[in-house]
Amino acid sequence: MHVEATTSGRLRRLELSPARFLQLALLNVGMLWLIVVTGAAVRLTSSGLGCRHWPGCEKGNPLPEKDYHAYIEFGNRVVAFLTILTTLAAFIGAIRARLSRRLCWLAFAVFAGTLAQ
């Protein structure tokens, strides 16, 4: 009996309230919007090759040189990394919030699509 109570207590701590999940989902939407904006900035300023290497900017140096285009491209990469993390958090949050299977799959699809981009 005591082991059962301890296990159910641990499981309850892993659950996510609907209000917290909504906050996480809104953060996710904001990050997806931000990556579109920074991606547009890269495209509009022709900064696509401002950084020649991945994940850093220059070989042996993770930060960009003092170049306008490199800063724009590197900033987009940082935002992309944070966006991938938030979409992963939203997927895990959907599971922890015990959302329907369909919504969990949707959260996974958003994460997978972001990662593929």
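Visitor: How do you know that the length of H3 agrees with its number of residues?
Guide: This is a predicted model, and the check is simple. H3 has 29 residues, and at 1.5 Å a residue they should span 42 Å. The expected span uses one less than the number of residues. The end C-alpha atoms of H3 are 42 Å apart, so the two values agree.

Visitor: What follows H3?
Guide: Arg98 does, and its phi is positive, near 55°.

Visitor: How do you know that the span of H2 agrees as well?
Guide: H2 covers residues 18-44, which is 27 residues. At 1.5 Å a residue, they should span 39 Å. The end C-alpha atoms of H2 are 39 Å apart, so expectation and model agree. After H2 comes Ser46, with a positive phi near 55°.

Visitor: Why are H2 and H3 called roughly antiparallel?
Guide: Their axes cross at roughly 155° and come within 9 Å. That angle makes H2 roughly antiparallel to H3, because the label applies over 145 degrees. The crossing of H2 and H3 is left-handed. By class, their contact has 16 nonpolar, eight polar and one charged residues.

Visitor: Why are H3 and H4 given the label roughly antiparallel?
Guide: H3 (residues 68-96) and H4 (residues 101-116) pack at an angle of about 165°. The cut-off is over 145 degrees, and H3 and H4 are therefore roughly antiparallel. Their axes are 8 Å apart. H3 and H4 also cross in a left-handed sense.

Visitor: Which residues make the contact of H3 with H4?
Guide: On H3, they are Thr83, Ile84, Thr87, Leu88, Ala90, Phe91, Ala94 and Ile95. On H4, they are Cys104, Ala107, Phe108, Val110, Phe111, Thr114 and Leu115. By class, this contact has twelve nonpolar, three polar and no charged residues.

Visitor: Why does Ala109 count as partly exposed?
Guide: Ala109 lies in H4. Its relative accessibility is 44%. Buried means under 20% and exposed means over 50%. Ala109 therefore counts as partly exposed.

Visitor: What makes Ala80 partly exposed?
Guide: Ala80 is a residue of H3. Its relative accessibility is 23%. The buried class needs a value under 20%, so Ala80 counts as partly exposed. Ala80 and Met31 are 49 residues apart in sequence, yet their C-alpha atoms are 8.6 Å apart in space.

Visitor: Which residues of H2 are buried, and what covers them?
Guide: The buried residues of H2 are Phe21, Leu24, Asn28, Met31, Thr38 and Val42. What covers them includes H3 and H4.

Visitor: How many helices and strands does the chain have?
Guide: There are four helices and zero strands. From the N terminus on, the elements run α-α-α-α.

Visitor: What share of the chain counts as buried?
Guide: Of its 117 residues, 29% do.

Visitor: And what share of contacts joins residues at least 24 apart?
Guide: The share is 56%, among contacts between residues at least 6 apart in sequence.

Definitions and conventions: Residues numbered from 1 in each chain as written. Predicted model: local features only at pLDDT ≥ 70, side-chain atom pairs only at ≥ 80, totals over all residues. Heavy atoms only, no water. Axes fitted to C-alpha atoms, helices over the stretch in contact; angles between N-to-C directions. Helix = DSSP H or I, 4+ residues; strand = E, 2+ residues; numbered from the N terminus. Parallel < 35°, antiparallel > 145°, perpendicular 65-115°, else oblique. Left-handed = near helix turned anticlockwise from the far one by under 90°. Contact = heavy atoms within 4.5 Å. Nonpolar A, V, L, I, M, F, W, Y, C, P; charged D, E, K, R; others polar. Buried < 20%, exposed > 50% of the residue type's maximum accessible area, 1.4 Å probe, protein only.
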